[in-house]
2 protein chains.
Amino acid sequence: MQRTSFKESRCPIARSLERVGEWWSILILREALLGSTRFDEFHQTLKIAPNTLTRRLNALVDAGLLERRLYQEHPPRHAYVLTQAGRDFHPVLVALMTWGNRYFAPEGASVVLADAVTGRRAQPVLVDRRSGRPITARTFALAPGPAADRRLRARLGGRRRPRPASRDSHD
Amino acid sequence: MQRTSFKESRCPIARSLERVGEWWSILILREALLGSTRFDEFHQTLKIAPNTLTRRLNALVDAGLLERRLYQEHPPRHAYVLTQAGRDFHPVLVALMTWGNRYFAPEGASVVLADAVTGRRAQPVLVDRRSGRPITARTFALAPGPAADRRLRARLGGRRRPRPASRDSHD
DNA sequence: CAGTATCCTGTCCGATACTG
DNA sequence: CAGTATCGGACAGGATACTG
């Protein structure tokens, strides 16, 4: 996208994409969540070109997902540590991973999520915190929020329902 | 990315990105989940250039997320309907939306998720289906799966732990 | 209405070389 | 080790015009 028509979009999904819409951004976030903080760690594990890494790192800092922290003065050197917003990107990554494992890993999963204590493999599912009910396209629908404008309200209000799925999505 | 170095990546996240790594792909999927099936519906609601729409639609069909269904013979016209894989992209979209609403919507959320029956606003959280415990970067760690190769196994096995977060991510 | 055909621009990214 | 500088290629996406 020419990154103009979508800037300042009101859609929260588009807004997220404004920050992490590039491949490297997401992969860098993945590494950061795995514990990487140094330029060189990202460079090595991702095999990313250094100039590209600089650019993506700067973008992530600007977007407020990474924080540059000086750990040495001469010459100035920084570590890149996740902010709260960056850490909270975790569920998105897990959802993406789960989906990828399910549909695009014919030989089986190469990375999974395991209980840090028991080591048992997790099965991530999205549920409503309050009711505990699984969130599917059928049981929970998109609706206008407090900040929705008239146009959006109209679209989401009088909209066609998602066609009945034979079986709906979960986890 | 030049879309070459990542092709055939073994990382499930990278693999997902190979299919939906472009903005429009994700936004089209969002529309499809909202019920759109026709070229013109996507065209209008997304305000996307027609040639671009064609390209993205084809890519999504090739990736197995959308299915072209002929609904008229002369001239040939198709509807684009979600496959199971496409429908299962829903949790990713919800995670992305939740994250965007939380951090990038200063004026409040414009789109939220609501219980289809009661209309009550949902709070999506990722939990382990079996134990019901919330999935955070601390409680559940990435681990090598059955199809992991030696390199990956080494990385995930003897890896540094995520630095202790003051408060961890959830929902 | 549902696209296809052309042309063009922006920019993401890679390769490589260089520096304190 | 942690970057910066420069150059070039690929392609996503925009604008617009055209067709059955």
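Arg15(B) pairs with Glu107(A) in a salt bridge, with the closest N and O atoms 3.4 Å apart; the term covers a side-chain nitrogen of Lys or Arg within 4 Å of a carboxyl oxygen of Asp or Glu. This is a predicted model, so local features need pLDDT of at least 70 and side-chain atom pairs count only at pLDDT 80 or more, while totals for chains, interfaces and linings use all residues. Residues are numbered from 1 along each chain as its sequence is written, chains are lettered from A and ligands numbered from 1 in the order in which they are written, and side-chain values use heavy atoms, with hydrogens and water left out.

Between chain A and chain B the count is 10 salt bridges, and over all chains it comes to 18. Another pair is Arg133(A) with Asp115(B), whose closest N and O atoms sit 2.5 Å apart. That pair crosses between chains, running from the loop between β4 (124–128) and β5 (140–144) of chain A to strand β3 (residues 111–115) of chain B. Helices (H or I, at least four residues) and strands (E, at least two) are DSSP runs, numbered from the N terminus.

As for the rest of the interface, 104 residues of chain A and 105 residues of chain B take part in the contact (heavy atoms within 4.5 Å). The buried area is about 9,900 Å², with 62% of it from carbon and sulfur atoms; this is the accessible area (1.4 Å probe) that two parts lose on being put together, summed over both. Trp23(A), Leu34(A) and Trp99(A) supply 9% of what chain A buries against chain B, more than any other three residues.

Then there is the second largest pocket, at about 600 Å³. A pocket here is an open set of points on a 1 Å grid over the protein atoms alone, where a 1.4 Å probe fits, with protein on both sides within 12 Å along at least five of seven lines; lining residues have an atom within 4 Å of a point. Grid points are joined across faces, edges and corners, and the volume is the space filled by probe spheres set on the points. Of its 23 lining residues, the closest to the centre are Arg30(A), Thr45(A), Ser9(B), Cys11(B) and Arg151(B). The largest share of the lining, four residues, comes from α7(B).
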